[in-house]
Amino acid sequence: MKIAIVGGGPGGLYASILLSRLEAGHEVTVWERNAPDDTFGFGVVFSDETLAAFEAADPPSYAEIASRFARWSDIDIHYRGTVENSGGHGFSALGRVVLLNILQRRAAAVGVALNFSTEAPPLAELMAGHDLVIAADGVNSAARAAFPEAFGPTPEGRLSKFMWLGTDLVFEAFTFHIVETEFGVFQVHGYPYDETMSTFIVETDEATWRRAGFDAAEGTAFAPGESDEESIARVRSMFADQLRGHRLIANNSKWLNFQTIRNESWRHRNLVLLGDAAHTAHFSIGSGTKLAMEDATALAWELRDRGEIEAALRSYEEDRRPIVESTQRAAQASLEWFEGISRYIGQEPPQFAFNLLTRSRRITYENLTMRDGEFMRRVDEGFHRGLGEPLPAAGAKGAGAPALAPPMFTPLRLREIELANRVVVSPMDMYTAVDGAVGDFHLVHLGSRGIGGAALVMTEMVCVSAEGRITPGCSGLYRDDQIEGWRRIVDFVHRQGGAKIGCQIGHSGRKGATKLMWEGIDQPLDRDAWEIIAPSPLPYLAHGQVPTEMTRAQMERVRDQFVAAAQRAEEAGFDLLELHLAHGYLLSSFLSPLTNRREDAYGGDLGGRARFPLEVVSACRAAWPAEKPLSVRISATDWTPGGFDGDDAVALAAMLRDRGVDIVDVSTGQVWADDAPAYGRSFQTPFADRIRNEVGIPTIAVGAISSWDDVNTILLAGRADLCALGRPHLYNPYWTLHAAAEQGRGRREDWILQYQAGSRRPVDGRIDVARQPLRSFDPPAAEPDASRWRPAVSRAGTPSEAVPTAAS
């Protein structure tokens, strides 16, 4: 094949090497506008997990790269006069120009034609004259821009400002400096990459950046390669304590906003995007170069295995896209954490460090415990100290020493109700009631989960009126005769287990009069449909029933129905009441500007849109016993442009707090039929995190939380106070008891008497007896300490080796 590569960065060069190795007959040409030794940036960092694939793909280049690595495994977090250290992570770094030179030499050695300081020929010419064109031309890809309809790029400019610099202060570890100034919080991301240099990235939110006066050069058109020297001089002064007399070095350094690049497609005819041209990931997880080189590896393998260009490019994208999108989700979580870092200032140093380390949701409580048990001991002790719980005596170690409970097994008090742990069985509609009344199914469903170890079991949405049902199978508390069915369930949970049970009440609004879930979720009833109401006459689905716009009299009637349902919930003996202000149901549809188009006092800005829901909240708080907690579930974002968003959620949560709400159950979406949620691990938790830490009200995190490790991580980082799990409890009603056993916290007495014989995991053939470890009579060889980068021999001043070019 005849292959053209536009862009001579790490991804493009690595692709040229691998493609040339696949077939001696391939004619591979690289065009790079910069000279061989030009580079913008300083160091490139890899985690240990990323290197095995590079070693397998091209051992010679890997060997030379590895020989130049600075290696370490520690992370240092400087915060409020302390340094929290966490080990066991594993990093390798080298200078970007060193990496480029190695790849350039290797490419030349395998026969790649390298054209430096040369613009690539026109794209149309390349595509016509080559079998394959690889666009590895970076975040501002001209190739991508040439075919916007084919690639469908969706660049997203992020909120924080950052500047990429270098320093001759050689850090010993990956280093974060959290610096509180009179203007706001700045953070430094730093890491060593050789014996004499480190990368030094300064980042802050835009408001702080402006208060600090760094916007003085805003709008200045710097020449290519020119740095913002005035800002850099101020940065030198601002971070003098962190630099400790060392130099701060510029290289095309200026304030930037990170651009997250996503594309609907990575390929067009015989043109394919690679690396930053196809996707970007925030520097705080250090994955840009890694992703580009992994793209190159995947593309080369597909071309070898598929042979035919179109099939290979399709398979390349299908295989790589899920991996890249997973990395982008982690990067998004990380960059958003740093954008909102000021909300965590005030956490105790160990918790802050844990919060920072787990920000991407890829590193977790269990993972960190395996990496650095001593660090996690300090974090756990700080968490328990904050709860006012006694700690093990100083020096208590070994098998007999008392172990601290994992965060999920610590109690939480809400008013006069104490929850034994932090696990909630999330509300899950069963659509199995008869005329609103619950029977044996609900007793078994909720009863089995009530003895499964969770501290709080929530009902499904219990409707406040017959016309407020979602489906004919929805349960209710709109008649007195419905109380007894619920009392039977509440009494069972209280009598048989130690759990509390909460009642969630709501009104379906414009999402009512629909079929049972398994008959067609959200689909309107074919017959016997009842009239539905909403703040505005907008159907949920285009072919759905059009709701009647509510009058003030109807609002008052609905408010009174909520109060009556709350009173019946108290008669049934429920411990907690939750009002459903989420998922596009009646009260939720008042909150969203997409669904509330009213022009009276109950529409308009958030204050107007929240007026009626808050009237209901206040009335229910007054009717619900003062000693019992009140929760409200909200959709913290509509996942739709122009809809209710995170800022609105924070403002609403403050209103709820001021009206006596004790905890906010933070869900998202399901308000607008065409919403586009950013699904992923614990994807709704950041909204609970923000509300908790900005408003100062307890929160419940919910959504794609599936493991006890996730629960412990969320709680210990201070992102929520409770975690609600739905599907895991459908899969396993005893999820919490099993989670306790798996963490060594299982206690026979936590199980009901009838089940105590099964409180230990059954022994089967997969459980082996303990075996003696392999031992030697020879003393073990001394292992060098690789936790810190402390170079003994300097290679400073080694000249770059000449790279053959197509011209030479």
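Which residues line the largest cavity? In this predicted model, the lining consists of Arg510, Lys511, Gly512, Ala513, Thr514, Asp522, Pro524, Ile532, Tyr540, Leu541, Gly544 and Gln545. The space inside the largest cavity is about 90 Å³. Counting cavities of 30 Å³ or more gives 4. By residue class, the lining of the largest cavity divides as follows.

| Class of lining residue | Number of residues |
|---|---|
| Nonpolar | 5 residues |
| Polar | 4 residues |

A single residue comes next. Ser334 belongs to helix α12, which covers residues 309-339. Is Ser334 buried or exposed? Its relative accessible area is 0%, and buried means under 20%, so Ser334 counts as buried. Leaving aside neighbours within four places in sequence, Ser334 is in contact with Ser284, Ile285, Arg359 and Ser360. With one of these residues, Arg359, Ser334 also forms a polar contact: the two side chains are joined at 2.8 Å.

The last topic is helix α27, made up of residues 735-742. Which of the residues of α27 are buried? They are Trp735, Thr736, Leu737, Ala739 and Ala740. An α-helix has 3.6 residues a turn, so residues three or four places apart point the same way. Just after α27 comes Gly744, which has a positive phi of about 75 degrees.

Conventions
Residues are numbered from 1 along each chain as its sequence is written. This is a predicted model: local features need pLDDT of at least 70, side-chain atom pairs count only at pLDDT 80 or more; totals for chains, interfaces and linings use all residues. Side-chain values use heavy atoms; hydrogens and water are left out. Buried means under 20% relative accessible area, exposed over 50%, partly exposed in between (1.4 Å probe, protein chains only). Helices (H or I, at least four residues) and strands (E, at least two) are DSSP runs, numbered from the N terminus. A polar contact is a pair of N or O atoms within 3.5 Å; within protein, one must be able to donate a hydrogen and the other to accept it, and residues adjacent in sequence count only if both atoms are side-chain atoms. Contact means heavy atoms within 4.5 Å. On a 1 Å grid over the protein atoms alone, a cavity is a set of points where a 1.4 Å probe fits but cannot get out, and a pocket is an open set with protein on both sides within 12 Å along at least five of seven lines; lining residues have an atom within 4 Å of a point. Grid points are joined across faces, edges and corners, and a volume is the space filled by probe spheres set on the points. Ala, Val, Leu, Ile, Met, Phe, Trp, Tyr, Cys and Pro count as nonpolar, Asp, Glu, Lys and Arg as charged, and the others, Gly among them, as polar.
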